[in-house]
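Me: Hi! I'm new to this one, could you walk me through a couple of its helices?

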Amino acid sequence: MAAGETQLYAKVSNKLKGRSSPSLLEPLLAMGFPVHTALKALAATGKKTAEEALAWLHDHCNDPSLDDPIPQEYALFLCPTGPLLEKLQEFWRESKRQCAKNRAHEVFPHVTLCDFFTCEDQKVECLYEALKRAGDRLLGSFPTAVPLALHSSISYLGFFVNGSPADVIREFAMTFATEASLLADCSVKPCTKQLHLTLAHKFYPHHQRTLEQLARAIPLGHSCQWTAALYSRDMRFVHYQTLRALFQYKPQNVDELTLSPGDYIFVDPTQQDEASEGWVIGISQRTGCRGFLPENYTDRASESDTWVKHRMYTFSLATDLNSRRDGEASSRCSGEFLPQTARSLSSLQALQATVARKSVLVVRHGERVDQIFGKAWLQQCSTPDGKYYRPDLNFPCSLPRRSRGIKDFENDPPLSSCGIFQSRIAGDALLDSGIRISSVFASPALRCVQTAKLILEELKLEKKIKIRVEPGIFEWTKWEAGKTTPTLMSLEELKEANFNIDTDYRPAFPMSALMPAESYQEYVDRCTASVVQMVNTCPQDTGVILIVSHGSTLDSCTRPLLGLPPRECGDFAQLVRKIPSLGMCFCEENKEEGKWELVNPPVKTLTHGANTAFNWRNWISGN
């Protein structure tokens, strides 16, 4: 052991002398791990057991940041338990189901006592001692009941803690901050302002009333024991998005990540230029390694899913829990509490409740051929004399005839075979849901018209409902290849190819009005004008208006209905690239309040894995 490491070990050992529990550091050092990496492993796992720290070290054997002196960030929260926590968890589920996810869903129910601060790995034990001292000092005066008063504003909903109980809780926070500063040499900022337990934050204004109704249903008469809990997080990834792996993935290339179900991946949205469509670059929390991964193998996780619980002090039990391990909860505390419950109404009852409302279902098209086979896909399936053939089963069986020949498919690609399958599955699911489609609009892109046709076929409506082609909801032309607008199939060509097109429909934007490389504002304006016309075109219809277009229109065609301003251009681009094939957004008109609301789509999402190309010649034994 180097001299510096020996000195550090001596300091840590002196801090641990006199404690009832043996040092967790010693068995790791006995195995030959350096002091700084052993301390890092213990801090990263909440100092539960040496076994957990050892497993962390083995997983991070290839972590390029293993030797970096980067401390964890720590925060102290006051957390409810028992019946009150169960009711708050129920509110979390229902508010997410009825009003979509907001910032409050990123973290479990809590009152912030001390916001995040850094602490060196060798001083973490001192934080535990600071928590014990602060708890023991305030144990006798801690309120037997913490009164909660509901407060609501246009972007915030939560419970305020007022009066003398709030003063005692603030005193506890200040005592912990003082002790942590003395023992661990940390700069801790206790909460001295209004104490609050957030229920919803940064939600859509039209959801405020529903959220208030759900909050008032939380019974506050339940007795509750409150726990002061110390959590940590990796300070490097504070502004990253967190993904959770849903499936196992084995890398096909050296620059790809290995995924196991439940792995968390940190993704920086601003550093995705190198990633191809459908892929992201991320850092695995389990291994610390960086690499590419298929985005459809993951789901968005909550911010607190990767936080680590260290120690807690429970007041109403008059018992110090600092010396015992938390046997009821895992070291990873999840902000996603319970699986979403099924709707209380059956599908039929839910449909009966909304049948009198005008609704808009916006759907992204299915998988396109060039998404799988790249920009040169047309060269792969064309003969020298310009005829189409099928080099892979994921190429469609045939292509419709175009007046200018096969070359016009290059920038107006068709669905792949999987895209056709996806569209049929979605249509079949819509049929099972009992939803009543009354009108169908589609972008003039071939892949969108194909998706609309296939959905109608599964709904048994392909002969009853004609597809209205609306150029105004075509993709943002800045994202299209080339300096000119792609040559799209005419209505006559589509009819000749057996698409049931409404030739009497007068679009908001004729095909000739599409300009190449338009600005973001120009794109948003045409989508707004188009969706308003599409909705107004069906004034007497009480069914669902189906709009089949591009991933971008799930945002640009719904926000105008909801009365929301356009997103910032950068946020819009990051959002759109994550929308999968057949992704859906569903809006309903609330006639009583004179506004539109975003609600759950009538069917579930479609998730599947990749399937790489296979060459049997490479499989011959001996080659």
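Me: Which residues of H12 meet which residues of H13?
Reply: Ile 420, Ser 423, Arg 424, Gly 427, Asp 428, Leu 430 and Leu 431 in H12 meet Thr 451, Leu 454, Ile 455, Glu 457 and Glu 458 in H13. Contact means heavy atoms within 4.5 Å, and helices (H or I, at least four residues) are DSSP runs, as are strands (E, at least two), numbered from the N terminus. This is a predicted model, where local features need pLDDT of at least 70, side-chain atom pairs count only at pLDDT 80 or more, and totals for chains, interfaces and linings use all residues. Residues are numbered from 1 along each chain as its sequence is written, and side-chain values use heavy atoms, leaving out hydrogens and water.

Me: At what angle do the axes of H12 and H13 cross?
Reply: Roughly 40 degrees, and the axes of H12 (residues 417-433) and H13 (residues 446-458) come within 7 Å. That makes H12 oblique to H13.

Me: New topic: which residues of H8 are buried?
Reply: In H8 (residues 208-216), Gln 208, Leu 211, Glu 212, Leu 214 and Ala 215 are buried, meaning under 20% relative accessible area (1.4 Å probe, protein chains only). Seen down the axis of H8, these buried residues fall within an arc of 165 degrees, so they line one face of the helix.

Me: And what do they pack against?
Reply: The buried residues of H8 pack against helix H5 (82-99) and strands S3 (149-152), S4 (156-161) and S5 (195-201).

Me: What is Gln 208 in contact with, leaving aside its neighbours within four places in sequence?
Reply: Gln 208 is in contact with Ser 152, Ser 153, Ile 154 and Phe 203.

Conventions:
Buried means under 20% relative accessible area, exposed over 50%, partly exposed in between (1.4 Å probe, protein chains only). The arc is that of the directions from the helix axis to the C-beta atoms. Axes are lines fitted to C-alpha atoms, for helices over the stretch in contact, and angles run from 0 to 180 degrees between N-to-C directions. Angles under 35 degrees count as roughly parallel, over 145 as roughly antiparallel, 65 to 115 as roughly perpendicular and the rest as oblique.
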